[in-house]
Structures are given as C-alpha cells and as structure tokens.
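Q: I'd like a close look at one part of this model, please. Could you take me through it step by step?

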Amino acid sequence: MKDSVTLHGKKFTAFLSEKEILLAVQKIADDIARDYKDEVPIFVGVLNGAFMFASDFLKCYPYPCEVSFVKLSSYRGLTSTGIVETLLDLPEQVEGRHVIILEDIVDTGRTLQELVHMFANKNVKDFKIASLFYKSEIYNGEYPIDYFGIEIPDKFIVGYGLDYREQGRNLRNVYQLKKQPMINLVLFGKPGAGKGTQAAFLKERYGLKHISTGDVFRYNIKNGTELGKLAQSYMDKGDLVPDEVTIRMLQDEVEKATEASGFIFDGFPRTTAQAEALDNFLESKEMSIDATIALEADDEVLIERLLERGKVSGRADDQDAGKIRNRFEEYNAKTAPLKAYYQQQGKFHSVNGIGEIQEITRRLSAVIDQL
Ligand code: AMP
C-alpha cells in the first residue's frame, strides 16, 4: 500500500488497507446472509461510490439474490453540499421484496434520507441499510444503519470507489485527506508580467484557489452587476477601482472559498491600504501571507505583450498604449511601494519574468518549495 496519493494537487495519506476493507465487506455479507438465507433480497447499490463495495460484497454473498443500482450525488469537492440529486431511478418490481441498500459511506445522513424517500411508497416488504463506512460522529441518526463495516472519524476519504472530484475511485485502499498547512501567495508585478498565466499552473500544482481581482471585475462587468457598473469606468481608463470596493470584493471571494487550502492573490493588493486590509482580514481568519513573489520584466517587453494580448482578449485597457502607460503609472505610484511593505515583513521574493512559461513556473515553484 502506498503511503500517500495526490489527487488534484491534494495529498491523501494511507488510512485503510485493502485487507481491512475486504474483511469488513465479508463481515457485512456474513451478517446479511444469516438474516436473509431463506429469502431472495434485492441489493441496491448507490452509485457511483458503492460500485466496488457492491461488487466485492456480492462475491461474498452466498445465497440467491438480485442486484440493482441507483445514482445519487451530494458531494462537490471536499464538503457535502446538502444537495442530493436523484440521477438514476430505483429498480422496478420492488413491491413485496426485501430491499437492502448498499452504501459506500454514511456521513451526514442526507443521502440516506433521499433513499428512504425513494422507497417510501413502494410497498417493499422490508428496507435495510448496509454501509461499508460509517461516520458516527456526524450522522444525524434519523434512520438505523442495519449493517456497517467500519466506523470512521469525520475525515474526508478517497479510494475503494470513493472519489475526490471524480478521481481516486480506482484505488484498492482508502486514503484520508492530509491537512496541509495553508499557503497564501501574492503574485506581484506590472500588468502583463504573466501573473495570470503562472497562477493557472501554480494553483494546480499546490491545490490553491486563484483569485484575480481583474478577472472578478471583468466577470461582473460582463454580467452587468452593480459592482461591474461601478468598476467599469475606472478600468476603462486604466485607473484603479477605489479601495473600499476592491477590498470588500476580495473578502467575499475568500469567504466563498471554504474548501481552499490556500490562495494565490493576483492583482491584489495594489495599494498600501489594500495590503493592510488583507493582512488584517487574514489575521481575523488565523491566516497570513507566506510570500509575495514579484515577476520582473522590462516595460518595453510588457507593453508589447499587452498589445498582443489586446488583439485576442478584446480588453479595452490592453489595446491602447496610452491606457497601458496609465496602468504602469498607477503601478509605480501606488503598487510599487508594496515591495518595501513586504520586504519589511521578510516576505518579498523576486523572480525573473522573462523566458519560457515553464521555466518561469519552475522559478516560482523553487521559491514556494522553500517556504
Ligand atoms: P488586471 O486584470 O489585474 O490587469 O486588472 C485590470 C483592472 O482591474 C485594473 O487596471 C483596475 O482598474 C482593476 N483592478 C484589478 N485589481 C484591482 C485592485 N486590486 N485594486 C484596484 N483596481 C483593481
């Protein structure tokens, strides 16, 4: 059994071996076989998570039985959304039959509630629940769990059918999420320095949430929101949007990202007031900035890059050398002083932003890996 696996940039450490799991599956099969040896039950596996459990369970079950599946979903990423969708309906011919649900895991109990509703008016002879894993700490206890294999603490697990964002189902063993120390980065640099491009690679590699204030403003402009209307006049000229607006928006973005194990701030902070607000806000959440990494490049290279980008992106502020120069002036006047702000905190790092994209990612990663 491998000590750990990495899925979508998150590390999971060994938790239950295939041997332990199969023993638990056998025990459930033995218990049910004892109770149902004189009947022909219908086992209903709950997809996707229970497919492996259902398969191994059925190989252990010694008496005649039928098999069917339903498909439900309540997880998005690492936390249960509470939304349980019925994606594939229950088998026909359940009336008067012994139905035994095969679940991979019972945690909050929301999926179970949906299952119970699905079978509520089907006149089944009896309805039982068998779950391989059971999180007793958080289960709401609404329905009895008739058979279960292994009681586990409230940890996010993957493997043996269970996934993290659809990956990990094929693992024979079960792994639990390793709580990684948070990494919070500020990507610093003039417009066109490559912050967005690099953030896209770094967020995958380190499992971070990328917040680009420029992107959030553009999204709001595109969708005609109040925030978008407010920001547009400033952005069109290449001026900065007022601090109080930007700071509030940034805080909302951080608060929305409940699952994040760290952030890449791109295009924020751009003023000393924003940097101070960010420090105070993060402190209130027991978080902090680990590093501010500047991507350095000459103005002439940047102007060329931005004009090129303007041709494809259609961004008004990228298509006009005058507006670009205004953004550089804003940067020199308001953002450049942040270098000293972060240097004082011992958090400022500088990286050469000229070269192949991959090479620059490597330079940035070298800084992050040392943190
Ligand atoms: P960017 O995509 O980062 O180049 O940002 C485009 C424009 O969005 C900037 O020129 C500003 O008008 C606005 N903007 C983005 N981030 C900020 C910020 N932190 N503070 C003020 N204005 C911002």
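Which backbone oxygen does the side chain of Asn184 reach?

A: Happy to! Please keep in mind that this is a predicted model. The side chain of Asn184 reaches the backbone oxygen of Ser288, at 3.0 Å. Asn184 itself belongs to strand S11, which spans residues 183-188. Its relative accessibility is 1%, and because buried means under 20%, Asn184 counts as buried.

Now to the ligand. There are 16 residues around the ligand, and those that come nearest are Thr213, Arg218, Asp239, Gly267 and Gln274. Sorted by class, this shell holds six charged residues, five polar ones and five nonpolar ones. Helix H5, residues 213-222, provides the largest share of the shell, with four residues.

At Asp239, a polar backbone atom is 2.6 Å from an oxygen atom of the ligand. As for cover, the ligand has 490 Å² of accessible area on its own, and the protein covers 97% of that. The space that the ligand takes is the largest pocket.

Technical notes
Residues numbered from 1 in each chain as written. Predicted model: local features only at pLDDT ≥ 70, side-chain atom pairs only at ≥ 80, totals over all residues. Heavy atoms only, no water. Near = heavy atom within 4 Å. Polar contact = N/O pair within 3.5 Å; in protein donor to acceptor, adjacent residues only side chain to side chain. Areas by Shrake-Rupley, 256 points an atom, 1.4 Å probe, with all protein chains shown as cover. 1 Å grid on protein atoms, 1.4 Å probe; cavity = no way out; pocket = protein on both sides within 12 Å on 5 of 7 lines; lining within 4 Å. Sits in = over half its atoms within 2 Å of the grid points. Helix = DSSP H or I, 4+ residues; strand = E, 2+ residues; numbered from the N terminus. Nonpolar A, V, L, I, M, F, W, Y, C, P; charged D, E, K, R; others polar. Buried < 20%, exposed > 50% of the residue type's maximum accessible area, 1.4 Å probe, protein only.
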